[in-house]
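Open the model and follow the text through it.

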Amino acid sequence: MKAAVITFPGSNCDRDLAVAFERAGAEVTRVWHKDSVLPEGTDIVGVPGGFSYGDYLRCGAIAAQSPIGGAIRDFAGRGGYVLGICNGFQVITEMGLLPGALMRNAGLKFVCKPATLRVETTDCAYTSGYAKGAEVVFPVAHHDGNYTIDAEGLARLEGEDRVAFRYVDGLNGSVADIAGVLSANRRVLGLMPHPERAVDPAQGGTDGSAVFRALASVMARA
Amino acid sequence: MTEPKITPELIAAHGLKPDEYARILTIIGREPSFTELGIFSAMWNEHCSYKSSKKWLRTLPTTGPQVICGPGENAGVVDIGDGQAVVFKMESHNHPSYIEPHQGAATGVGGILRDVFTMGARPIAAMDSLSFGVPAHPKTAHLVKGVVEGVGGYGNAFGVPNLGGEVRFHAAYNGNCLVNAFAAGLADTDKIFYSAASGVGMPVVYLGAKTGRDGVGGATMASAEFDDTIEEKRPTVQVGDPFTEKCLMEACMELMATGAVISIQDMGAAGLTCSAVEMGDKGDLGIRLDLDRVPVREVGMTAYEMMLSESQERMLMVLNPALEAVAKAVFVKWDLDFAIVGETIAEDRFLVLHGNQVKADLPLKALSGTAPEYDRPWVETPPAAPLGAVPEIGAIEALRALISSPNYAHKAWVWEQYDTQVGGDTVRRPGQGAGVVRVHGTQKALAFTSDVTPRYVKANPYEGGKQAVAEAYRNLSAVGALPLATTDNLNFGNPEKPEIMGQMVGAIKGIGEACRALDFPIVSGNVSLYNETDGTGILPTPTIGAVGLLASLDELIAGQPAEGDIALLIGDSFGHLGQSALLVEAFGLEAGDAPMVDLVAERRHGEFLRAQRQHVKGATDLADGGLALAAFEMAEAAGLGVTLVAEDIATLFGEDQARYLLVCDGAGAAALEAAALLTDVPLARVGHFGGNAIRFGAATASLAELSMLYRGAFAAAVA
């Protein structure tokens, strides 16, 4: 698996995401936001957490317009895999790779804690390592993770089995407690919780490892 | 632009006393210009010169085999083996935070992070020690909310995990909150960067954000008492931009790796003035600055404003001229300002030019070297009156009084607003004693804690000073870490009052004594004086930040109790209730003496615990709240009940020092007892964990009910 992990100015989970990919056996290339092409042979693009461009204007909005943003959009358009975590979810949603939007948490505060999620679908490369309905704990750390989408869009997401993860006990006011969503072709995943912060016993849990391992096995078969 | 005439009013407005001004006249042999007056004021205020505390700070132990660099640089540097070092410091941002809590706290965090990465260390941990007025005070909720948002807003965006700290409430902070920010970073021992300039004719480079008018005079403001004109001081608070700081840090790391940096200094208090003078002074060189080249955010800024601006996220550097193009490319990559604004010169001179005019021409060494130093009169704090009879209270009722107070309630409301895991190496999050972060890419880890019990320090500055250090030592030992070194953030009232000066002297003596006895040198620090409002001082609050080393994560003690596990107590219990949390929270009483600290016992007990760690599942130090609170906290975190044999208030809530509560399984307890028999370490079984009730002797309450109280009280107090 060849993973490209993007660094925007203000990204701060880029190293953590690279480490998680590497633990799953990936060959990781770090890609700077001013680049306009992805490395040759990229299997998956990781868009990390952080505060790209300071989250000024609107979370993810400026990063979506960056030179590398165009390359990521083209890559996804060709059926490439894109994983956006936390700020990365905001960025790829701003790019239009996923429907809906992320608003300020309903509690209006930054929230950092372990969150229990339910795996809602196993029909994608990211969650095929879990049992459907399994409960997993990933840390969350965000100020703007309140996912919203109109009723029609929500019906479509639910109808197409595109909700990947849901908060078991709510968290931030997200519509239908949605924590992560898939694109129509099921190759783009955006989620607010951080699977890369749960890949190592020293981190207090390894529930996130299955995401990276499942990706690696799918890429190995490809 | 003509500069104002120097008048006695103008001198006073700069915080300079008449004798200090007379000293300026002697040094330069003429009347200073307005810009020069500003420069002297910035260099000689308490915040930058430590003029009231220096005499006493010199008595602190600052060396040891582990110390690579002690106080005097941007932060202290301590060896952690394998060619690596931890770089850390704690610094206050009290006055700005009271005026504008969000930005005041945010820039406090920004400043301390900059101190750390200026030395070549990538920040890996932050903590914050916060002291507020009572919750009922009309400003408190606003300050708590703003400060916590500010600390979180800056640290979260910068990307440093917050690993803990303290939050306390006391009426003495009603008009003057304390925000003490700690940061630690990781560097290679052979790649530490210092501030001393070297070489004549070397370019002085300005890096980072542009200079604006924010914070002009901030350091002087931070060295003054507050009165009711405080609202007028808002423009002296700087505004932070963590995004720029993150970029600045990454750019500095890249730049340092190129070999282009000869010396580097962050622009903190008194901005360009302090940083330039410090680089020149330490390198025995002069500095020429050409202010026309300084990147500015606003038009029409005067030399005075530029020299005193405290705009954030700026650095000053002396560059290897051969690598100028390489250095510039790094800053262009990160979209940051990079400007050559001056050069080092051979003579002892601080020359500031602006618009083809000389705005300041001063002997550089004299600016820092001859800053006034005072041996202020002080009186020893009188011995506390002995504690009289303690009112009757039931053991469970006493526990309720503690855990329903925001001082001892669960503080998730605070730390859940902080990113505690960014970096992926957090091993132990805030909430239970020391925080622990793994050294990236290794199996080593560092533990961090910050401690002080201001009530003790007020009653008995010497024992209180010792206690702050001892508690930090215990918190590190309780997670299995070897205590390495400390940083001190000394917050006191007006040092011109002999009784306040006496508090500071007593506390420093106690801190020094404890640091010597525990091989726990102080490698950096900060002093914040004049923490008074309308003549009333804060509780003396010498915050101790401390760092410990786990040579391997296998050494970590961080387990939780399980059903049937045994509770053991290390240390002697004498039932000392003077100045205890129980007296304050249950009866509103602050009476009696602080507990005495036996440093020999502290060291012996800490060493015993670390040596016997393989038998111990979990450990916590006993601090204020005593055995009862420690046992409750440990059990509650595991979702278990606990039974303590003791039922008398003094045994349960006494605050004797040098004690730890341990949780062991049966075999562990037996092994530990066998080991204790071979030493002088008092060890006793005091109860067991399990069930769903909290039992102290015959008194009992349900865990669920107490847990709800404990977890709801903080938010209820500050909402």
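**The contact between chains B and A**

Four salt bridges are counted between chain B and chain A; a salt bridge is a side-chain nitrogen of Lys or Arg within 4 Å of a carboxyl oxygen of Asp or Glu. One of the pairs that meet in a salt bridge is A:Asp200 with B:Arg438, at 2.7 Å from N to O.

This is a predicted model, in which local features need pLDDT of at least 70, side-chain atom pairs count only at pLDDT 80 or more, and totals for chains, interfaces and linings use all residues. Residues are numbered from 1 along each chain as its sequence is written, chains are lettered from A in the order in which they are written, and side-chain values use heavy atoms, with hydrogens and water left out.

Polar contacts also join the two chains. Between chain B and chain A there are 16 residue pairs in polar contact, both residues at pLDDT 80 or more. Such a contact is a pair of N or O atoms within 3.5 Å; within protein, one must be able to donate a hydrogen and the other to accept it, and residues adjacent in sequence count only if both atoms are side-chain atoms.

On the side of chain B that touches chain A, α8 (140-158), α10 (242-258), α13 (324-333) and β14 (426-428) each supply at least two residues. Helices (H or I, at least four residues) and strands (E, at least two) are DSSP runs, numbered from the N terminus. α10(B) gives the most, with four residues.

Chain B brings 30 residues to the contact and chain A brings 26, where contact means heavy atoms within 4.5 Å. About 2300 Å² is buried between them, 54% of it on carbon and sulfur atoms. That area is the accessible area (1.4 Å probe) lost on putting two parts together, summed over both. B:Phe243, B:Glu416 and B:Gln421 lose the most area in chain B, together 24% of what that side buries.

**Strands in chain A**

Now turn to β10(A), residues 178-182. Strand β9(A), residues 163-167, pairs with β10(A) in the antiparallel sense over three bridges; pairing needs at least two DSSP bridges. Here A:Val163 has A:Val181 as its bridge partner.

β11(A), residues 188-191, also runs antiparallel to β10(A), joined by three bridges. A:Leu182 is partnered by A:Leu189. β10(A) and β11(A) form a hairpin with five residues between them, and A:Arg186 in the turn has a positive phi of about 65°.

**A helix residue in chain B**

B:Ala704 lies in helix α25(B), residues 703-718. B:Ala704 is exposed (over 50%), with a relative accessible area of 55%.

Methods:
Buried means under 20% relative accessible area, exposed over 50%, partly exposed in between (1.4 Å probe, protein chains only).
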